[in-house]
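I opened this notebook to record what I looked up in one model. The entries are kept in the order in which I made them.

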Amino acid sequence: AKADGRGHFRVFTPSMRDELLRRKKLMNALRLAIVHDELFLLFQPIVDTTTGKTRGFEALLRWRHPELGTIPPSEFIDLAELSGQIVAIGAWVIDQACREAASWPSDLFISFNVSARQLTDNALIACVAKAAATHGIACERMVVEITESTLIDNDAAALSVLHELQAMGCSIALDDFGTGYASLSYLQRFPFDKLKIDQSFLRKLDGENCDDAKIVRAIGELGRQMALTIVSEGVETPEQLALVRSARCALAQGYLFDRPLSPKAARDRLRQEGAT
Ligand code: C2E
Ligand code: CA
Ligand code: CA
Ligand code: CA
């Protein structure tokens, strides 16, 4: 057992030891992930809830480790944050995402996730500008997704970076909306263009009148009042789509439409849509 510094003791079990070892191993391996070309992006379509047409894609990061297989972001993003590697990895994500978006019709947006360390690092603005110039895509096509926790503790710095990104033409989306501690006060203080309703509000829908359905509708109304585009995440069933449509959420994302796709599969989807 080990004291945690506040007089509590945690029993240190073998499985916790394995977990720690795995995390240490991952953290070391992550250093070489970019150099060894082990990172890649998948692209999940975000569709118009009324027409069903693809309006853009969210870039989602994956890591293919030679021995451990494909590692989901839930296992390594926080490690990359801790070690500071997220800044280099994040720059790679923005560059690759914009490179891919350059091959799509120019009315489609590209959304990418930005973490706290990146948002307060001076390099972010330059990184976005460079990706736009290198790949010839307008910043107006870029959506920067951040979560409430990204903003905690660095309000002032984050605010000025967000304003600068918007001045360049980027949109700002508040991800996982509704799960934080102070979502509404963030809406007051930060200049968002989009809100992404967290998937947890769609998970246990069992009828139009359950509380979650009411919350989704209320967020739809909030979006109209504040002129924010509402994106519903985690739409898996036709019933969930019917709800987000009736709540007049403009955009939706989820397995009902497609899983995160390889770059080629994303282009095939666009080609098929264009043909119909
Ligand atoms: P997120 O930004 O909230 O992304 C949505 C997650 O929901 C993705 O998980 C996506 O695959 C999953 N998803 C999409 N549709 C459905 C659905 O219908 N049902 C269910 N159950 N899940 C769905 P993923 O790709 O594992 O990413 C997890 C999180 O990792 C992301 O959550 C994001 O916070 C973070 N992440 C991913 N890529 C990056 C990145 O490039 N940079 C940073 N900083 N974070 C990233
Ligand atoms: Ca996101
Ligand atoms: Ca989300
Ligand atoms: Ca999330």
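**Entry 1. Conventions.** I note that this is a predicted model, in which local features need pLDDT of at least 70 and side-chain atom pairs count only at pLDDT 80 or more, whereas totals for chains, interfaces and linings use all residues. Residues are numbered from 1 along each chain as its sequence is written, chains are lettered from A and ligands numbered from 1 in the order in which they are written, and side-chain values use heavy atoms, with hydrogens and water left out.

**Entry 2. Calcium ion (ligand 2).** I looked up its protein donors (N, O and S atoms within 2.8 Å of a metal, or 3.2 Å for Na, K and Ca; water is not among the atoms, so sites may look incomplete). They are Glu58 (OE), Asn113 (OD1), Glu145 (OE) and Asp175 (OD), at 2.1 to 2.3 Å from the ion. Along the chain, the donors follow the spacing E-x54-N-x31-E-x29-D. I then placed two of them in strands (DSSP runs of E, at least two residues; helices are runs of H or I, at least four; both are numbered from the N terminus). Asn113 lies in β6 (residues 109–113) and Asp175 in β8 (residues 171–177), so the pair ties together parts that are 62 residues apart in sequence. For burial I used relative accessible area (buried under 20%, exposed over 50%, partly exposed in between; 1.4 Å probe, protein chains only). Asn113 is partly exposed at 31%, while Asp175 is buried at 8%.

Entry 3. I found the calcium ion (ligand 3) coordinated by Asp175 (OD), Asp176 (OD), and Glu233 through two OE entries, at 2.2 to 2.6 Å. The spacing of these donor residues in sequence is D-D-x56-E. Asp175 bridges the calcium ion (ligand 2) and the calcium ion (ligand 3), which lie 4.3 Å apart. Asp176, also found in strand β8, is partly exposed, with a relative accessible area of 28%.

**Entry 4. Ligand 1.** Which residues come nearest to ligand 1? Of the 21 residues around ligand 1 (a heavy atom within 4 Å), they are Arg62, Asp175, Gln199, Glu236 and Tyr255. I checked the N or O pairs next. Oxygen atoms of ligand 1 lie 2.9 Å from a side-chain N or O atom of Asp175 and 2.8 Å from one of Gln199. With Tyr255, a backbone N or O atom lies 2.8 Å from an oxygen atom of ligand 1. Taken alone, ligand 1 exposes 800 Å², of which the protein buries 81%; such areas come from the Shrake-Rupley method with a 1.4 Å probe. The elements β4 (54–65), α2 (73–83) and β8 each supply at least two residues of the shell, and β4 gives the most, with four.

**Entry 5. Backbone angles.** Most residues other than glycine have a negative phi. I recorded a positive phi near 65° for Asp37, in the loop between α1 (14–33) and β3 (39–48). Asp37 is exposed, at 61% relative accessible area. Ala227 has a positive phi of about 55° and lies in the loop between α10 (211–226) and β10 (229–232). Ala227 is exposed as well, at 68%.

Note on methods
Polar contact = N/O pair within 3.5 Å; in protein donor to acceptor, adjacent residues only side chain to side chain.
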